[in-house]
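Have the structure open as you read, and find each residue as it comes up.

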Amino acid sequence: MSGFPIRGATALVTGAAGGIGQAVSLSLASRGANLALLDRRLGALKETAAAAEARGARVSLHEVDMADAAAVEATPEAVRAAQGRLDILVNNAGVALGGALDQVSMEDVDWVLDINLRGLIRMTKACAPLLKAAPEARIVNISSIFGIVTPAGQAAYCASKFAVRGFSGALREELKGTKIGVTVIHPGGVATEIAVSARMGAGVSNAEVVEAQKRAKALLRMPPAQAGEIIVRAIERRRARRLVGTDAQILGIVERLFPVNHMAIAERLFGVSFAEKSKAS
């Protein structure tokens, strides 16, 4: 069976202004795809667009905040008007939240869930009619290795990414026998700005913020361009699931073997703490 037909396809990539979203966009453009690029940061999004156009892609820009339900629901019509079709939806946009559960507010938790989960589900549902009209379509949901393993200090973020994983699996079952396939991606330590731009709970001290940045520098090493290529190859091969990076693959194995104690074992294997432990008694 030949690979998924990327050349000539149109892909909507959310969170395309930088990091993994930008890298996936440019990898798709290099393979002949046209792009609907979405982000709330229009200035940085234009930089992605220029690089994609230099690779021959037809590009449309969509300035949308994934927490804005009305804007998300209006996106497919804007894509149809600009591009005429939609074959690939890459749900990449996401945010991070630092702090143990007792250090963050419910407003913080809602913010993470609104963007990482509700926005993703809303975009998928809104785009369904366009995807169903394509000869063959693919939904690509970017979860995280933290949708498989459970470091301390990441309860809300893990909740969002585990939910993306569950949503993707159930959606795949629902779409069996149709022209739409589903791929869920679990990146490991990719060197994006997500940790630097993470929201910190009000209860997180300055010292803990500094320590979190040190951990991020130690753990986030894979160049985004490399991750983007791995993800696009997974699309080409119609993969149902892809763990990105050796670290993610190792962590996935450790979690399967030791579902309760996997974080303690992983920290010994990697020689680094994955998260600040809560100081709460």
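The points below go from the sheet to its helices, then to the salt bridges and the surface.

1. A word on the basis of it all. This is a predicted model, where local features need pLDDT of at least 70 and side-chain atom pairs count only at pLDDT 80 or more, while totals for chains, interfaces and linings use all residues. Residues are numbered from 1 along each chain as its sequence is written, and side-chain values use heavy atoms, with hydrogens and water left out.

2. Start with the sheet. Seven strands form an open sheet in the order β3-β2-β1-β4-β6-β7-β9, with parallel pairing. Helices (H or I, at least four residues) and strands (E, at least two) are DSSP runs, numbered from the N terminus, and two strands pair if DSSP finds at least two bridges between them. At the edges stand β3 (59–63) and β9 (241–244); each has a single partner strand, so one side of each is left without a neighbour in the sheet. From one strand to the next, the twist averages 15°.

3. Now look at β2 (residues 34–39), which runs parallel to β3 and is joined to it by five bridges. Leu38 has His62 in β3 as its bridge partner.

4. Helix α7 (residues 224–236) touches β4 (88–91), β6 (137–142), β7 (180–187) and β9, and its direction makes about 165° with that of β9. Helix α8 (residues 246–257) touches β7 and β9, at about 115° to the direction of β9. These angles run from 0 to 180 degrees between N-to-C directions, with axes fitted to C-alpha atoms, for helices over the stretch in contact.

5. Ile88 stands opposite Ala11, and its bridge partner in β6 is Arg138. Three bridges join β1 (residues 10–14) to β4, and four join β4 to β6.

6. How many salt bridges does the structure hold? There are eleven, each being a side-chain nitrogen of Lys or Arg within 4 Å of a carboxyl oxygen of Asp or Glu. One of them joins Arg41 and Asp39, with the closest N and O atoms 3.3 Å apart. Arg41 is partly exposed at 42% relative accessibility, whereas Asp39 is buried at 7%.

7. Which parts does the pair of Asp108 and Arg199 tie together? Their side chains meet in a salt bridge (3.2 Å, N to O). Asp108 lies in helix α4 (residues 106–133) and Arg199 in strand β8 (residues 199–200), so the pair ties together parts that are 91 residues apart in sequence.

8. Arg238 is worth a stop. Its salt bridge with Glu136 has the closest N and O atoms 2.7 Å apart. Arg238 lies in the loop between α7 and β9 and Glu136 in the loop between α4 and β6, so the pair ties together parts 102 residues apart in sequence. Most residues other than glycine have a negative phi. Arg238, although not a glycine, has a positive phi of about 55°.

9. Finally, a network of salt bridges links Arg31, Glu229, Arg233 and Glu236.

Conventions
Contact = heavy atoms within 4.5 Å. Buried < 20%, exposed > 50% of the residue type's maximum accessible area, 1.4 Å probe, protein only.
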